[in-house]
Amino acid sequence: MATQQTRALGRLAVAPSVIALFMWMIVPLAMTIYFSFLRYSLLDPNYACSVLHPGQLFDEANRCLAGFSNYKYFLTDPAFFRAMGNSLKLVGWVLAISVVGGTLLALLLDQAFYGRGIVRIMMIAPFLVMPTVSALVWKNMMMNPVSGFLAYLFKLVGLQPIDWFAHYPLTAIVIMVAWQWVPFATLILLTSLQSLDEEQKEAAEMDGTPPLSYFWYIVLPHLLRPMTVVILIETIFLLNVFAEVYVTGTGGTAGNLPFLVYQYGLIANDIGGASAGGIIAVILANIVAFFLMRMIGKNLEA
Amino acid sequence: MKRVFTGVLGAMALAALATTALAETKLTIATVNNGDMIRMQGLTDDFTKANPDIKLEWVTLEENVLREKVTTDIAAKGGQFDVLTIGTYEVPIWGKKGWLLPLTMVDDPADLLPAIAGGLTVDGKLMAAPFYGESSMVMYRKDLMDKAGMKMPDAPTWKDIREAADKMTDKANEVYGVCLRGKAGWGENMAFLTAMSNSFGARWFDENWKPQFDQPEWKDTLNFYLDLMKADGPPGASSNGFNENLALFNAGKCGMWIDATVAASFVTGKDSKVADKVGFALAPDNGLGKRGNWLWAWSLAIPAGSQKEEAAQKFVGWATSKHYTELVASKEGWANVPPGTRTSLYANPEYAKVPFAKMTLDSINAADPSKPTVKPVPYVGVQFVAIPEFAGLATTTGQIFSAALAGDKTADQALAEAQDAATREMTKSGYIK
Amino acid sequence: MARAISTKRKLIVTVLAWAIGFVIFFPILWTILTSFKMERDAIALPPIFLFFDWTTENYGIVQERSNYFQFAMNSIVLAVGSTFFALVLAIPSAWAMAFAPGKWTKDLLMWMLSTKMMPPVGALIPLYLIFRDFGLLDTRGGIITVLMLLNLPILIWMLYTYFKEIPGEILEASRMDGASLGKELLYVLAPMAIPGIASTVLLNIILAWNEAFWTLSLTTKSAAPLTQFIASYSSPEGLFWAKLSAASTMAIAPILVLGWFAQKQLVRGLTFGAVK
């Protein structure tokens with residue numbers, strides 16, 4: 001359908017975006033890789049650098065070559081496996097909750113009832129809130145074990161309020177993040193549901209198909225494509241969740257990979273280590289993306 | 001299209017003209033979001049009236065965010081800030097690296113409290129001017145102590161504290177004998193625990209920079225802390241930092257609270273349900289010669305290479321001057337004056353009327369950053385170690401100890417983990433050969 | 001022909017939907033309520049729902065302490081600005097991928113999305129140094145560029161899926177009539193794709209508005225948006241829940257209002273063409 005001329009034009013049209021994104025990706029990436037092989041600390045005492053590599057020159061930024069030691073140090077940090085595990089658990093759980101929850105909510109919203117517009121905006125709202133604000137609100141006013149709202153609810157039914165961030169930090173983070181992403185999934189799935197053929201619905205009704213079979217054989221396949229979209233987009237954002245972990249101060253127990261990189265970079269001021277961590281996180285993310293595409297990519301005929 | 005273009009050009013020219021006509025110096029000040037700093041922002045008219053050619057721009061952030069931004073900026077020489085609010089932790093480190101300008105317009109430098117000024121001087125030059133200084137002390141409920149039939153000595157021991165806490169605890173009525181910091185953070189629980197460990201004779205590192213968490217003194221410290229909190233502390237203590245404990249104390253739920261001296265003005269202020277029932281005592285000790293209190297001062301400093309040095313020096317001088325103190329006193333009362341910086345403040349009879357003034361001064365004087373511990377150490381700093389690696393290391397350690405408080409590990413496990421983490425870090429940074 | 005739905009069933013669903021909607025919306029509602037309380041009431045137990053002394057003092061204090069309007073204006077400029085420039089790049093790209101696809105199209109799309117994989121923190125110092133050397137720190141232009149690049153992949157993908165729904169024949173017809181590419185884009189494609197573009201714009205504004213990491217790290221004052229405004233209320237000394245609620249409400253209000261008015265567009269925007 002596209003002529004030779006259009007194809008050439010097409011390449012030209014895409015060029016600016018590709019160039020821009022390429023620069024955006026390559027330049028910081030290259031610098032980060034470079035830094036990851038240096039002993040680069042924002043506050044490094046000169047003494048330490050020259051002791052490890054006697055006689056080696058270092059410039060005013062106190063850098064000197066470190067070989068793979070930054071990577072080794074990051075990977076042997078006891079916090080690393082925990083952080084990686086948390087990253088994967090967070091993504092997994094939020095995906096599961098948002099896909100299942102989103103489907104259920106979409107089915108609900110697809111029905112006719114009074115005040116759909118208002119309920120719809122109530123359900124969308126969490127997605128519109130700034131992650132930092134959301135984290136602050138959840139941490140203080142909802143989950144505080146003494147004066148928070150959830151504590152109040154627990155006491156109301158005679159249970160001991162849970163100290164979320166001390167005992168169930170990852171669960172708390174999952175709740176906070178899922179709260180924001182379920183609306184997103186709901187919307188996508190809902191809109192897809194609404195495009196379900198009216199005739200198919202009627203035919204199923206007239207045939208007396210039980211609702212469960214109807215759901216399984218007709219609705220679900222139709223939803224597979226939007227579900228794929230949801231999973232893909234969410235994974236990209238969820239792998240880099242940061243605000244919630246940072247604000248709630250659960251980095252020690254529920255910290256994920258981005259948080260660990262942050263700890264290295266901005267708390268310990270070890271830029272070399274943080275860069276190595278960043279590269280490791282990119283590699284991990286690409287592995288996840290690869291598997292994801294293998295599993296569900298076929299649902300997404302471009 | 002052409003008309004639009006010339007219009008834009010004209011507008012740009014006008015804008016350029018407008019900005020050159022003003023020729024004022026704009027100072028960007030990075031500050032922390034605590035009450036005293038916020039109060040200062042409300043009083044800047046006093047400064048700008050005397051210095052009409054200087055405009056002040058405030059960047060107010062939470063402590064951790066502030067520290068990160070300022071550190072990144074000064075280390076990468078971003079030049080985004082003209083005046084920085086930094087603490088007694090950063091000053092020795094940055095001063096030695098030549099990142100700060102010596103201060104020249106400080107009002108009566110000899111008047112500054114020696115303990116605090118000492119922490120801010122590098123090579124004999126004052127590198128930062130203290131805006132407010134604090135130590136830590138015991139704040140207790142006089143009424144609950146009376147009910148328990150006890151009297152709090154002015155200089156209690158840890159044993160006294162344990163006894164008092166046991167007697168004052170009434171968990172059925174949500175009264176907890178003692179509220180202490182448990183939230184993870186090098187400036188949160190670790191500040192408290194490090195200071196506490198000093199009074200137990202412990203230290204972070206020995207003269208060869210070997211971490212000391214495997215020594216009996218730290219074991220005693222941690223065990224005492226965990227036992228005390230288990231018996232007499234509030235639930236969820238491992239998430240409680242300064243703010244949370246303040247809220248608990250003000251709501252009447254704590255028998256004692258050992259924390260920053262600046263808290264005194266909050267617990268006796270209008271948001272407190274127990275404002276008139278609070279007594280003060282020095283931080284506890286174990287008779288080993290060091291008390292469990294800390295020393296901290298938020299100070300104003302100027303980055304080296306600043307293009308606006310004169311304006312910045314003027315501002316720093318104004319904000320830390322005796323005149324400023326009087327200004328606050330006249331507008332908001334003596335109890336709200338930034339504490340802990342000047343000898344003259346404590347000699348002032350008006351200020352002596354404030355109930356916690358004397359105890360604050362005594363607490364500050366009881367701390368010595370150059371010799372913080374019973375046994376000798378290669379570092380300075382009372383509740384921190386003034387080396388760059390400390391922030392990261394203490395963050396990790398804080399997380400470990402907070403987890404112990406939450407019951408996720410035993411004291412021995414926590415100490416072993418802390419020892420490993422510290423050894424790893426110190427070896428990597430080359431301190432341990 | 002619509003089925004007749006029993007009123008009874010409608011009512012049951014109504015109650016259920018409203019209950020769930022309420023639960024989901026509750027944290028936001030609670031924040032707005034708390035912003036009108038005095039600090040003492042904000043931490044009161046049991047929580048007071050409606051019968052407390054309503055006060056607007058928190059808003060006053062927040063406005064006094066931090067210049068809300070400057071932050072809000074920055075947020076608006078950054079969000080709208082980055083969206084605009086991103087569109088300028090994205091529309092031609094999406095057009096090319098939708099109507100002049102090659103074998104590289106799908107891979108290109110995936111590669112673009114993968115640029116979002118790096119945790120921002122890892123690239124902070126390199127970018128900080130670049131910004132410093134080019135004098136871009138704390139400038140609106142600098143942040144607009146970052147936000148634009150951050151969201152460009154999403155924009156391209158969304159527009160691409162919308163454009164694919166537009167029948168190619170119409171464009172071909174216009175080309176055969178002799179229209180140049182520019183005219184084709186502007187006068188034929190755009191009008192048909194307006195709903196899709198509108199939804200994309202909306203989503204991008206939301207994403208740019210809520211972006212916290214880069215805006216916090218690369219701005220100090222002049223270009224600082226609402227994300228920095230909130231950062232000064234995250235845990236100050238003393239009681240702060242009411243003030244935090246007021247600040248939070250002020251920070252999220254514009255987007256909530258925008259979302260309310262542009263509901264339909266938003267819903268369309270989040271389908272990514274997954275809907276036939």
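Is B:D412 buried, exposed or partly exposed? B:D412 is partly exposed, with a relative accessible area of 45% (buried means under 20%, exposed over 50%, partly exposed in between, with a 1.4 Å probe and protein chains only). Some notes on the rest follow.

1. Ground rules. This is a predicted model, where local features need pLDDT of at least 70, side-chain atom pairs count only at pLDDT 80 or more, and totals for chains, interfaces and linings use all residues. Residues are numbered from 1 along each chain as its sequence is written, chains are lettered from A and ligands numbered from 1 in the order in which they are written, and side-chain values use heavy atoms, with hydrogens and water left out.

2. Confidence. The model scores ipTM 0.81 and pTM 0.82. Chain C averages a pLDDT of 79, and 90% of its residues score at least 70 (pLDDT is the predictor's confidence in each residue, from 0 to 100). Among the elements of chain C, α1(C) has the highest mean pLDDT, 88, while helix α13 (residues 263-269) has the lowest, 66.

3. Chain C overall. You'll find 13 helices and zero strands here (helices are DSSP runs of H or I with at least four residues, strands runs of E with at least two, numbered from the N terminus). Of the 276 residues of chain C, 60% count as buried. Take the contacts in chain C between residues at least 6 apart in sequence: 74% of them join residues at least 24 apart (contact means heavy atoms within 4.5 Å).

4. Chain C against chain A. Here 106 residues of chain C are in contact with 97 residues of chain A. The buried area is about 9,300 Å², with carbon and sulfur atoms giving 79% (this is the accessible area, 1.4 Å probe, that two parts lose on being put together, summed over both). Zero salt bridges turn up across this interface (a salt bridge is a side-chain nitrogen of Lys or Arg within 4 Å of a carboxyl oxygen of Asp or Glu). There are five residue pairs in polar contact, both residues at pLDDT 80 or more (a pair of N or O atoms within 3.5 Å; within protein, one must be able to donate a hydrogen and the other to accept it, and residues adjacent in sequence count only if both atoms are side-chain atoms).

5. Chain C against chain B. This contact takes 27 residues from chain C and 29 residues from chain B. About 2,300 Å² is buried, 55% of it from carbon and sulfur atoms. The polar contact count is six residue pairs, both at pLDDT 80 or more. On the chain C side, α6 (124-133), α10 (213-218) and α11 (226-231) each supply at least two residues, and α6(C) gives the most, with four. That side has 12 nonpolar, nine polar and six charged residues.

6. A closer look at α6(C). This helix is mostly covered, with seven of its 10 residues buried; C:L124, C:Y128 and C:F131 are among them. Just after the helix, C:G135 takes a positive phi of about 65°.

7. The salt bridge between chains C and B. The count is one, and the pair is C:K221 with B:E57, at 4.0 Å from N to O. B:E57 also meets B:K26 in a salt bridge, at 3.9 Å. B:K26 lies in strand β1 (residues 25-32) and B:E57 in strand β2 (residues 54-61), so this pair ties together parts of chain B that are 31 residues apart in sequence. B:E57 is buried at 13% relative accessibility, whereas B:K26 is partly exposed at 30%. Along with B:K55, these residues make up a network of salt bridges: B:K26, B:K55, B:E57 and C:K221.

8. Back to B:D412. Its salt-bridge partner is B:K219, the closest N and O atoms being 3.7 Å apart. B:K219 lies in helix α10 (residues 216-232) of chain B and B:D412 in helix α19 (residues 411-428), so the pair ties together parts that are 193 residues apart in sequence. B:K219 is partly exposed too, at 37%.

How values were computed: Ala, Val, Leu, Ile, Met, Phe, Trp, Tyr, Cys and Pro count as nonpolar, Asp, Glu, Lys and Arg as charged, and the others, Gly among them, as polar.
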